[in-house]
Amino acid sequence: MLPELLGEIIQRVEASEERWPDRRNVVACACVCKRWRDVAKEIIRSPSHTGKITFPSCLKQPGPRDFPHQCLIKRNKKTSTFYLYLTLTPSFTDKGKFLLAARRYRHGAHTEYIISLDAEDLSQGSNAYVGKLSSDFLGTNFTIYDSQPPHNGAKPSSSRASRRFASKQISPQVSAGNFEVGGVSYKFNLLKSRGPRRMVCSLNCPSTSESANNKSVDDSKMKKPDFAATGCTILRNKAPRWHENLQCWCLNFHGRVTVASVKNFQLVATMDQSQPGGKGDEELVLLQFGKVGDDTFTMDYRQPLSAFQAFAICLTSFGTKLACE
C-alpha cells in the first residue's frame with residue numbers, strides 16, 4: 001500500500017475515534033506491521049495537545065493543557081493493590097480504561113509501591129514495570145523513581161534500595177535502573193492543630209514546548225521523548241477554607257469528590273519551570289484526589305503532570321500519618 005494512502009487511512013481513523021473503547025482501532029492500525037506503526041506515530045500527537053491517551057508511552061507524557069484527564073483509583077485492601085482507570089463516563093461505578101496498577105510492599109520499616117502496566121504482574125523484574133514509589137520510616141517523605149531515564153544523561157540512583165535486579169523491559173541501548181524524578185513530603189503537625197495534611201511535591205517535569213510535543217514516541221517500551229530540557233515544578237496542597245455552617249474544612253472539587261476524608265487534596269504550582277517566567281498559577285488545580293466510596297477515589301490531572309507522576313503522588317496519600325494529622 002502506498003504510504004500516502006496508508007497515512008490517509010490512519011488520519012481518518014484517528015479523527016473519527018475520540019474515546020475508548022472505539023479508540024482501540026487506532027492502536028490496532030499501529031499493530032499491523034512496522035510500516036503502519038511508523039505512520040501512526042507520525043500522525044498521532046501527544047496528550048497535551050489532543051487530550052487522548054493512545055499508547056502506553058502517553059502515560060509518561062504531560063496531560064492536557066486546557067482540561068484535566070479524569071481518572072478513578074480502585075483499592076483492594078486485601079492485596080494492597082491499587083488500580084488506575086481513565087474514566088469514560090461520568091459514573092463513579094464505571095471503571096473505564098485500565099492504565100496502571102500498583103502494589104504496596106513492606107521492606108522492614110520502609111514501604112514501596114511497585115507501579116506496572118500489568119495488573120497481574122507487579123514486580124521490578126516484569127516487562128511491564130514502569131517505576132516505583134519509596135517511603136521513609138515515618139511514611140512522610142516519598143521518592144518517585146522512573147524505570148527509564150527522564151532525559152539524556154540521567155544517571156540511575158546509586159542507593160541499594162533503588163536498584164533493579166532484573167531488567168527485562170529495558171533494551172541494551174538504555175541503561176537499567178531506577179531514576180529519581182520527584183519527591184513528596186508531608187509536613188509534621190507538632191501542635192496537632194485541626195486541618196488537612198500539608199504536602200509539598202518536587203517534580204522533574206519535561207519541557208512542554210511545541211516541538212517536543214510533536215515528536216513521535218515509542219509505544220512498545222514506554223521510552224520518554226528526548227525533550228530539549230527538563231524543569232523543576234514545585235506543587236503544594238491548596239489551602240481549604242473553614243465552613244462555619246458545616247464546621248469543617250472545605251475545598252471545591254466541582255462534584256468529583258463526595259466523601260470527606262483526610263486523604264483528599266488539591267495541588268497547585270508555586271514554581272513551574274515549564275511555564276514562561278517559571279512561576280506557577282496558584283489558583284489553577286493541576287492535580288486533585290478525593291474519595292467517592294469505600295475503596296474508590298477520583299484522580300484528575302493536567303499539564304505538566306503525567307499520569308504516572310499523578311498516580312505516584314496519589315499513592316502517597318494512602319496510609320496513616322499520625323505525625324501529620
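**Before you start.** The model is predicted: local features need pLDDT of at least 70, side-chain atom pairs count only at pLDDT 80 or more, and totals for chains, interfaces and linings use all residues. Residues are numbered from 1 along each chain as its sequence is written, and side-chain values use heavy atoms, with hydrogens and water left out.

**Whole chain.** Colour by secondary structure. Helices (H or I, at least four residues) and strands (E, at least two) are DSSP runs, numbered from the N terminus. Of the 325 residues, 51% count as buried. Buried means under 20% relative accessible area, exposed over 50%, and partly exposed in between (1.4 Å probe, protein chains only).

**Stop 1: helix H3.** Select residues 34-43. The buried residues here are Trp36, Val39, Ala40, Lys41 and Ile43. They pack against helix H1 (3-16) and helix H2 (24-30).

**Stop 2: the largest nonpolar core.** A nonpolar core is a set of buried Ala, Val, Leu, Ile, Met, Phe, Trp, Tyr and Cys residues joined through side-chain atoms within 4.5 Å. The largest has 44 residues. Select Ile73, Leu287, Met299, Phe311 and Ile313, which have the most contacts inside it. Helix H6 (residues 307-315) gives the most to this core, with eight residues. Apart from this core lies another, of 12 residues, among them Leu6, Cys29, Ala30 and Val39.

**Stop 3: Ile73.** Which residues does Ile73 touch, leaving aside neighbours within four places in sequence? Its contacts (heavy atoms within 4.5 Å) include Phe82, Tyr83, Leu84, Phe289, Met299, Phe311 and Phe318.

**Stop 4: strand E5.** Select residues 129-135; seven of the seven residues are buried. Strands pair if DSSP finds at least two bridges between them. On one side, strand E4 (residues 110-116) pairs with E5 in the antiparallel sense over five bridges. Look for Tyr129 in E5, the bridge partner of Ser116. E5 also pairs with strand E6 (residues 141-146), again antiparallel over five bridges. Here Lys132 has Tyr145 of E6 as its bridge partner. The E5-E6 hairpin has five residues between the strands, and Gly139 takes a positive phi near 75°.

**Stop 5: back to helix H1.** Select Ile9, which sits in H1. Is Ile9 buried or partly exposed? Ile9 counts as partly exposed because its relative accessibility is 30%.
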